[in-house]
Amino acid sequence: MNDTKKLGRPKQFDRDDALARAVSVFWKHGYEGASVKRLTDAMGISSPSLYAEFGDKHALYIDAIRSYTQDDACAPIARFEAEPDIVRAVLGFFEAVVTDATDVSGAPRGCFLASCVSTSAGHVEGAATLLRQAIETTETRIAARFDEEKARGTLPPDFPSRDRARLQFDLRQGLVFRARAGCAPEDLRAGLAGHVRAVLAPAPS
C-alpha cells in the first residue's frame, strides 16, 4: 500500500478543480514562479497529495496544459461555432478575444497558452509539443466551420479555409499581445471590422 498517497490525499479530492486552480497559478506566476507552496495553497491540497497525484511540478504543469486545451469552453471558439451567420461569427470570435484579454475582474487575462505556455515552451520538456497540438486543434476547428459554410454556399468554393483559419488564429494572438501591452479595449475593438474583412476576403485570383 502507498502510505504517502493514503495520508496525503484529501478525502474529497477533485482532480479537475485542482488542475483548474493550478492553471491559474501557472498563468499568473509562470512556470518558474509557481512554487509548490503557491500551487498547493491554491489547489487546497498538501505537498504529499500533489506529489502522490501528479508526480512533481513539471508533471502537474503538463497535466494543467492538457486540461486547459481539452476544455471546450474557450469563449472565442464557442462564439465562433455557435453564431449561425459567418460574418457575425468571425466578429464574435474577435470580440470574445478582446473581452477575455482585457477583463479586469482579477482573473488571468487572455490565453493561458499565449501568456504562459509559449514562454516556457523552449525550456520545459513537453510544453512545445502540447502548444503545437493546441494550435493545430484550434485551426482545424476554425477551418471546419469555413468548410461547412462552403458546403452551404455562403462562402465561395475556392475559399482557402486552412489559410484563413491560420490568419484568424494569428490575428487573435496579436490582439492578446496588444492587450497585454496595455492597449485599451475600445482601441482593440475599433480594428475588428478590418480583421473580419481580412479573414473572409475572397481568395486571390
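Visitor: Which residue forms a salt bridge with Arg-145?
Guide: In this predicted model, a salt bridge means that a side-chain nitrogen of Lys or Arg lies within 4 Å of a carboxyl oxygen of Asp or Glu. The closest N and O atoms of the pair that contains Arg-145 are 2.9 Å apart, and the partner is Glu-149.

Visitor: From which number are the residues counted along each chain?
Guide: This is a predicted model, in which local features need pLDDT of at least 70 and side-chain atom pairs count only at pLDDT 80 or more, while totals for chains, interfaces and linings use all residues. Side-chain values use heavy atoms, with hydrogens and water left out, and the residues of each chain are numbered, as its sequence is written, from 1.

Visitor: How many residues apart are Arg-145 and Glu-149 in helix H9?
Guide: Helices here are DSSP runs of H or I with at least four residues, just as strands are runs of E with at least two, numbered from the N terminus. An α-helix has 3.6 residues a turn, so residues three or four places apart point the same way. Arg-145 and Glu-149 are separated by about one helical turn of H9, because their spacing in residues is 4.

Visitor: Is Glu-149 buried or exposed?
Guide: A residue is called buried under 20% relative accessible area, exposed over 50% and partly exposed in between, with a 1.4 Å probe and protein chains only. Arg-145 has a relative accessible area of 6% and is therefore buried. The relative accessible area of Glu-149 is 2%, so Glu-149 counts as buried.

Visitor: With which residues is Pro-84 in contact, leaving aside its neighbours within four places in sequence?
Guide: Pro-84 is placed in the loop between helix H6 (75–82) and helix H7 (86–102), and counts as exposed because its relative accessibility is 67%. Although Pro-84 and Glu-149 are 65 residues apart along the chain, their C-alpha atoms are separated by 9.8 Å. Contact means heavy atoms within 4.5 Å, and with those sequence neighbours left aside, Pro-84 is in contact with Arg-145 and Glu-149.

Visitor: Which residues of helix H3 are buried?
Guide: The face of H3 turned away from its buried side carries the exposed residues Lys-37 and Asp-41. In H3, which spans residues 36–43, the buried residues are Leu-39, Thr-40 and Met-43.

Visitor: Why are these residues of H3 on the same side?
Guide: The arc is that of the directions from the helix axis to the C-beta atoms. The buried residues Leu-39, Thr-40 and Met-43 are on the same side of H3 because the arc that they cover around the axis is only 90°.

Visitor: Which helices do the buried residues of H3 pack against?
Guide: After H3 comes Gly-44, whose phi is positive, near 70°. The helices against which the buried residues of H3 pack are H2 (15–33), H4 (47–54) and H5 (57–69).

Visitor: How far away from Lys-57 is Glu-32, the nearest side chain of opposite charge?
Guide: Lys-57 has its place in helix H5, and its side chain reaches the backbone oxygen of Ala-34 at 3.2 Å. For charge, Lys and Arg count as positive and Asp and Glu as negative, while His and the chain ends are not counted. Lys-57 is buried yet has no salt bridge, and its distance from Glu-32 is 6.8 Å.

Terms used. Polar contact = N/O pair within 3.5 Å; in protein donor to acceptor, adjacent residues only side chain to side chain.
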